[in-house]
Amino acid sequence: MTTSHDAKRSGKSKTLTPEQLDQVIHHLPSYKHQILALVCRNCACRIQEATLLTWECFRQDQMTFPYFVTKGRLDTRDIPLAPKFIKTLKEYQRHCQRLKGEKLTGNDYMFPGRYGFDKPISTRAFMYALDEATLKAKITKFSSHGFRRTALTSGNEKGISLRTLQSISGHKSLTTLQKYLDVSDKQKLEAVNAFA
């Protein structure tokens with residue numbers, strides 16, 4: 001049986017507007033899935049990186065992606081977090097504490113699997129949940145990697161330097177990063193207007 005996330009793997013996930021992303025996240029089946037999607041959106045990380053985060057990775061005002069969870073296992077990345085998102089993560093942390101029934105440890109996974117906090121949710125489980133959410137939101141050709149592409153494209157549209165985006169995304173080269181970025185019709189129009 002072919003699922004829609006299998007089909008999406010053959011091409012690039014499309015980028016979405018902030019409103020479309022909100023809609024997809026709203027349709028995810030659980031609080032855990034929604035917060036996991038928000039981590040991918042706010043940190044421009046890969047789904048595999050987010051699922052492997054433990055509570056020791058969430059510090060006062062940043063998220064640390066240890067080198068051993070990153071693609072290629074090359075560098076640790078520290079991503080500063082927006083104040084509103086910090087508040088959201090602290091609320092989720094309290095939720096997890098209640099769910100566990102005892103104090104969370106630094107080794108507990110932020111996004112536990114179904115059998116407890118010592119194993120993370122699988123990327124496959126998240127992808128199935130995302131398939132359902134995109135179906136309900138009537139959005140096609142969007143996969144978990146779309147959170148990362150959308151975040152980076154949005155930053156680029158807002159004039160954030162490619163070097164800054166690269167330090168957040170962890171891409172080895174600017175050339176690789178540039179392949180992620182979509183250029184909107186509005187940006188093209190602004191460019192040609194600047195030619196005159």
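A residue is called buried at under 20% relative accessible area, exposed at over 50% and partly exposed in between, with a 1.4 Å probe and protein chains only. Lys90, at 31% relative accessibility, therefore counts as partly exposed. The model is predicted, so local features need pLDDT of at least 70 and side-chain atom pairs count only at pLDDT 80 or more, while totals for chains, interfaces and linings use all residues. Residues are numbered from 1 along each chain as its sequence is written, and side-chain values use heavy atoms, with hydrogens and water left out.

**Chain overview**

- The chain holds 10 helices and four strands, where helices (H or I, at least four residues) and strands (E, at least two) are DSSP runs numbered from the N terminus.
- From the N terminus on, these elements run α-α-α-α-β-β-α-β-β-α-α-α-α-α.
- Of the 196 residues of the chain, 41% count as buried.

**Phe58 and its surroundings**

- Phe58 is placed in the loop between helix H4 (47-51) and strand E1 (62-65), and it counts as buried because its relative accessibility is 10%.
- Leaving aside residues up to four places away in sequence, Phe58 touches Met63, Leu81, Ile86, Leu89, Lys90, Gln93 and Met110, a contact being heavy atoms within 4.5 Å.
- Although Phe58 and Leu81 are 23 residues apart along the chain, a distance of 9.7 Å separates their C-alpha atoms.

**Lys90 and contact range**

- Lys90, one of the residues that Phe58 touches, belongs to helix H5 (residues 83-100).
- Among contacts in the chain with a separation of 6 or more, 58% come from residues 24 or more positions apart.
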